[in-house]
Amino acid sequence: MDELAARAAALVARHPRDARLRRVGTSRAGTPLWLLSVGHGSRHTLVVAGPHANEPVGGGTVLRLAERALAEPRLCEDADVTWNLLLCLDPDGARRNERWLAGPYTLGNYFRNFFRPGFLEQPEWLPEGADGAVLPETRALLDVQDELRPFFQCSLHGVDVGGAFVELTHDLPGLARRVERTAARLGVPRELGPYDTLYWPRLGPAVYRIPPPSPGDRVAAITEAAVESTWFHPHRYGTVTAVVEAPMWGVTSVEIATPPPDADAVLRSVSRSLRRDTALLEALLARVRPSVRGGPDAARLLAPVDDYLLVGPDIADSWDPDTYKSDALRPLPPLDTARLTALAISARRVALRTAGLLHQLVTRAGQDPSGALPDLDRLIDEWCADYRDGFGARWIPVARQVEYQSRVVVAAFELAGRHARVDSHSGERGWGSQPAVPMHRE
């Protein structure tokens, strides 16, 4: 986090006329929320990095976008655009992931040091609507959206294991083709059936339409309820929002669209494994909870553990053919190899994240009277090996992740500029970036 802010400040120092950095809010732990603005156009973009604590690629992407906007007049002056780049929406959570950010970039190191807050503590969400937003990070983002009225907004996300995809609040014809070309050139697999978009309309390969906000159930807490979010808040201004996902570990089979020989058999196996893994983790939690309850960060780590253990069985039921067909649950959409692979990866992800958080609870407590740590290490190693050997997950270098994501953002920006509503321009008098405050005065 400190390096990201320092690099942004250095960029502003090199371009004092065209770049500004200002504080737009403060996190729960008192960390500044920095907005880097480039250009002087009357129309505004807003790019949000770090909405999820464990997804760091956006930090590099916003710096790359700032450099491109400064170097390419077509993105700034010629388009009458100011680029507004929020360096990180959840800096407190991002700082908790710095243990694995220094490397080595292995699945085991990542999951043993993974952190992501509980569902209700993720600042992009609006579970009670905008008026009920209580997190200071959320309020800061809402205020920036209302100030800028951007014609284009982008939220930068990172898939830990899987492939790349884009979610849109408005269709941008031509984007799927540009995503395909960019992914092919950079060797990044596209995810043709991500779990996040299981019931969402498909606008093209690896491009999906975000449905309007609506209430959801516990299973939807990882998918549909996400639309109760800041993605739709500036919709009233005609804003086009794009959520751009870039993978850290790529899996090629997430872009294989061929039909599987027996989809029901795969679903039964995945559902059975998720129920079994959840039961194992619930038993481990029961063993370690008494000794870690008062430990450092126990409450912050236990909240996501409880969330994952709560939704795990519901997710398994929603996929199991013997459950959703007999209980009249919502039927699954047509399934191909790509979508089945994505579901299997998601099930393993829920278990691995939970195991990693439990591992941190025990190690930070400094004691393990229940002897749970060896069991957790064994499960993490086994499940990471499944990702690596069973799914063929391979690390994508950071520079390639950033280049892929920045190119897709620019493509979506260009298309949004062509399709933006006439009344979505954000350059009315009185709107725009406020004067910058030098970092050394903060």
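**Figure 1. Asp 317 and Arg 275 in the predicted model.** In this predicted model, Asp 317 counts as partly exposed, at 26% relative accessibility. Asp 317 and Arg 275 form a salt bridge in which the closest N and O atoms are 2.9 Å apart. Asp 317 belongs to helix α9 (residues 298-319) and Arg 275 to helix α8 (residues 263-292), so the pair ties together parts that are 42 residues apart in sequence.

**Figure 2. Arg 178 and Glu 414.** The side chains of these two residues meet in a salt bridge, at 2.5 Å from N to O. Because Arg 178 lies in helix α7 (residues 175-186) and Glu 414 in helix α13 (residues 398-419), the pair ties together parts that are 236 residues apart in sequence. Arg 178 counts as partly exposed at 22% relative accessibility, whereas Glu 414, at 18%, counts as buried.

**Figure 3. A network of salt bridges.** Arg 178 and Glu 414 are linked with Arg 68, Glu 72 and Arg 74 in a network of salt bridges. Within it, the closest N and O atoms of Glu 72 and Arg 68 are 2.9 Å apart. Glu 72 is partly exposed, at 22% relative accessibility, while Arg 68 is buried, at 11%.

**Figure 4. The contact between domain 1 and domain 2.** Domain 1 covers residues 1-251 + 396-423, and domain 2 covers 274-391. The contact takes 32 residues from domain 1 and 39 residues from domain 2. Together the domains bury about 3300 Å² between them, 58% of it on carbon and sulfur atoms. Six salt bridges are counted between domain 1 and domain 2.

Notes. Residues are numbered from 1 along each chain as its sequence is written. This is a predicted model: local features need pLDDT of at least 70, side-chain atom pairs count only at pLDDT 80 or more; totals for chains, interfaces and linings use all residues. Side-chain values use heavy atoms; hydrogens and water are left out. Domain bounds come from an automatic or database domain assignment. Contact means heavy atoms within 4.5 Å. Buried area is the accessible area (1.4 Å probe) that two parts lose on being put together, summed over both. A salt bridge is a side-chain nitrogen of Lys or Arg within 4 Å of a carboxyl oxygen of Asp or Glu. Buried means under 20% relative accessible area, exposed over 50%, partly exposed in between (1.4 Å probe, protein chains only). Helices (H or I, at least four residues) and strands (E, at least two) are DSSP runs, numbered from the N terminus.
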